[in-house]
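Trainee: I would like to learn how to read salt bridges and helix contacts. Can we work through a case?

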Amino acid sequence: SINMDKYHYDVGDRGDNIIPIRGENAISNMNSLPKLGICLVGDSPASKSYVNRKLKACQEINIDAELFNFSENVEQDQLIKHIQSMNHDGILVQLPLPLHLNKLDIIHSIPYEKDVDCLHMHNLQRILVYGELCEMLPCTPAAVLQILDYYDVNVIGKKVTVIGRSFLVGLPLSLLLQKRNATVTVCHRETLNLDQHIMNADIVISAAGHPKLVRNVKQGAIVIDVGISQGEKKGRIVGDVDIDVVKNQASLITPVPGGVGPMTVCMLMRNLCNIWKKKQGQPVYINPKLSDAYLND
Ligand code: ADP
């Protein structure tokens, strides 16, 4: 049996900046362990580094993970055949994929009950459309909710501005926040007066991949930075928020690097453990705050 006691993440600069992921996520009582299979296409340094973090997280909690690295020009059929032949309990394909591959067809070749990234239409539909409480959540949105929960941020009725509407982050996150009874404004590339939507918000969540997009927030606002881009200095990763200014206005702010990124890996581990528990007929961990949100709509 194993547990996630070693699994701590630095998420912010409010003094108490460690989120202990244990208890609720404990994988104790597991008398056997799941196995994760990761498919990586090509050798982009960013993708490799994300994959390495996932492999390391598995190693930390003694979960077996296997990496399949395909060449950049692998054919669609070959990749799909491989995915269909995998006997792992959780399967993920590292994104982005080269343009000659059909991302959705590849995601949908993963059996939905093994879809640890929670990107298969079956899973997204039951969670985001029907509001079913299930054993998995899309990892980055789950990470944002986990951080808000840890800091006891109540989103009910609050004005939340989400910047970005991507399939991976902005869109699912905005729907999950609505299910939690937040009042959500979604901004994107074509949004006029973005600064106004930001200033108006009690909670700003930025997932645009655009440095210094968030330059000022309302005094006391909560700011979650999901952006990742290259900074001016080579090799430096920066978020969407101009942290030097905004940290003096916000009551809670997550840093980049750190913050949402590492928590996302943790949510992947939670999905994997939950998938495994479900398969074994054990009760799964379900984010308790979600249940009162999914009430009537
Ligand atoms: P991710 O998958 O991390 O969310 P994407 O690059 O797929 O990143 O999506 C970026 C999102 O951010 C898009 O929905 C886009 O409309 C939004 N976005 C990009 N630039 C801006 C901007 N300058 N202002 C507002 N939204 C933006």
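Predicted model: local features only at pLDDT ≥ 70, side-chain atom pairs only at ≥ 80, totals over all residues.

Trainee: What counts as a salt bridge?

Mentor: Side chains of opposite charge can pair when their charged atoms come close. The rule asks for a side-chain nitrogen of Lys or Arg within 4 Å of a carboxyl oxygen of Asp or Glu.

Trainee: How many salt bridges does the rule give?

Mentor: The count is nine. Take Arg 215 and Asp 195, which pair at 3.0 Å, N to O. This pair links distant parts of the chain, 20 residues apart. Arg 215 sits in the loop between β8 (203-206) and β9 (222-225), and Asp 195 in helix α7 (residues 194-199). Helices (H or I, at least four residues) and strands (E, at least two) are DSSP runs, numbered from the N terminus.

Trainee: Which parts does the pair of Lys 218 and Asp 202 tie together?

Mentor: Their closest N and O atoms are 2.9 Å apart. Lys 218 lies in the loop between β8 and β9, and Asp 202 in the loop between α7 and β8, so the pair ties together parts 16 residues apart in sequence.

Trainee: Is Arg 126 buried or exposed?

Mentor: Buried means under 20% relative accessible area, exposed over 50%, and partly exposed in between (1.4 Å probe, protein chains only). Arg 126 has 11% relative accessibility, so the residue counts as buried. Its salt-bridge partner Glu 132, at 3.1 Å between the closest N and O atoms, is partly exposed at 38%.

Trainee: Now the helices. How do α5 and α9 cross?

Mentor: Axes are lines fitted to C-alpha atoms, for helices over the stretch in contact, and angles run from 0 to 180 degrees between N-to-C directions. The axes of α5 (residues 139-150) and α9 (residues 260-279) come within 8 Å and cross at roughly 110 degrees. That makes α5 roughly perpendicular to α9; angles under 35 degrees count as roughly parallel, over 145 as roughly antiparallel, 65 to 115 as roughly perpendicular and the rest as oblique.

Trainee: Which residues make the contact?

Mentor: Contact means heavy atoms within 4.5 Å. Among them are Ala 142 and Ile 147 of α5, and Met 263 and Leu 268 of α9.

Technical notes:
Residues numbered from 1 in each chain as written. Heavy atoms only, no water.
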